[in-house]
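Work through the two exercises below with the sequence and the model at hand. Each task is followed by its solution.

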Amino acid sequence: MRVSIAEAAFLLDEGQVVAVPTETVYGLAARLDRPNAIAKIFSLKGRPKNNPLIVHLASLDDLSKYVSELPPNLDVLARAFWPGPLTLILPAFESAIPDIVRAGLQTVAIRVPDHPLTRQLLALTGPLVMPSANISGRPSATSRAHVEYDFGEEFPILDGGECHQGVESTILHWDGRIWTVARLGALSPEDFIPVLGYAPEVMTGKKEAPLCPGQHYRHYAPKAHLILSETISSESEGVILGFIDRKYPKGCRLISLGNSSDPKEAASRLYAVLRQLDTQGIKRAYVDMNFPAAGLWLTLRERLLKAASGK
Ligand code: TXA
Ligand code: MG
């Protein structure tokens, strides 16, 4: 159910949960100072309590209220990428960030999102915690229709149209020496070179405990069985998630991620395409994985691997 910015602010003030757009994906928002609403987010999503939430701020100015220590380069990172699809894991002022938000950790994940409606909303409400607006484990939501599919038509949604980026924010972690990538996202490691002087190492595929507790869990998965393949051969039958400019075996049905030279387009379509499999009752699909292992393609690869593995 569509709500206006004023209605969204009112509902959030009352301690309700509202879905709001961001430039990456839709979020399920609750006010940082409404612990019951925050608890409701976990139950609505079926999210494990040990998976912490990102705190979204209206601007960088508020950061020092919530963060106890500012790592070097934080200023340049924030100036370069905020508002935008960057989340930073920082030492928390524990008294300012409820335990439930941090899942008991001493850190807090912070981002300043870049969506005009949500920025206006944040100016009215103060900090909002929001995970992606999907049932835990399922593909994220990049439109109002996706949110309604997961949470019902009566669920209050601030409708901001389709999310422009289509994949979640990139999460960086300060290890005391350098920044590393705790979750791949809309910004690629290479995007940080002009600002940091290096591309932060990607820690998400490491065997050690992931830097983001959420990486433990099943993610982005449609009900369909996905078969990832670098070479779609003539034996591949049925539905193919692939690219409009490629030729696939006769008789296959293409669900398009866009053009094979355009990772931004593929990112913006990814979750809609995965959700389409479910809404159309498709049980099995091949995925054309013949794309580079660099830049934004790296994020797409990671999301598809997770969506296919059911982990
Ligand atoms: O683009 C995004 O980041 C979207 C929009 C709505 O802002 N949000 C989003 O939230 O993707 P969520 O909850 O789906 O993913 C947040 C990830 C989880 O993997 C969680 O474990 C991790 O961030 N995280 C949150 N707080 C953390 C912390 N203090 N330390 C380590 N990881 C943290
Ligand atoms: Mg999520």
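**Exercise 1.** Which residues of helix α2 (residues 35–45) are buried?

Solution. The model is a predicted one.

Step 1. A residue counts as buried under 20% relative accessible area. In α2, the buried residues are A37, I38, I41, F42 and K45.

Step 2. These residues lie on the same side of α2, because the arc they cover around the axis is only 155°. An α-helix has 3.6 residues a turn, so residues three or four places apart point the same way.

Step 3. Turn to the other side of α2: N36 and S43 are exposed there.

Step 4. Now look for the cover. The buried residues of α2 are covered by elements including β2 (27–31), α5 (99–102), β6 (128–129) and α7 (144–151).

Step 5. After α2 comes G46, with a positive phi near 70°.

**Exercise 2.** State the order of the strands in the open sheet formed by four strands, and find what packs on this sheet.

Solution. 

Step 1. The order is β10-β13-β11-β12, with parallel pairing. On average, neighbouring strands are turned by 30° against each other, direction ignored.

Step 2. Take one pair. Five bridges join β10 to β13 (residues 284–288) in the parallel sense, and L226 has A285 of β13 as its bridge partner.

Technical notes
Residues numbered from 1 in each chain as written. Chains lettered and ligands numbered in written order. Predicted model: local features only at pLDDT ≥ 70, side-chain atom pairs only at ≥ 80, totals over all residues. Heavy atoms only, no water. Pairing = 2+ DSSP bridges. Helix = DSSP H or I, 4+ residues; strand = E, 2+ residues; numbered from the N terminus. Axes fitted to C-alpha atoms, helices over the stretch in contact; angles between N-to-C directions. Buried < 20%, exposed > 50% of the residue type's maximum accessible area, 1.4 Å probe, protein only. Arc of directions from axis to C-beta. Contact = heavy atoms within 4.5 Å.
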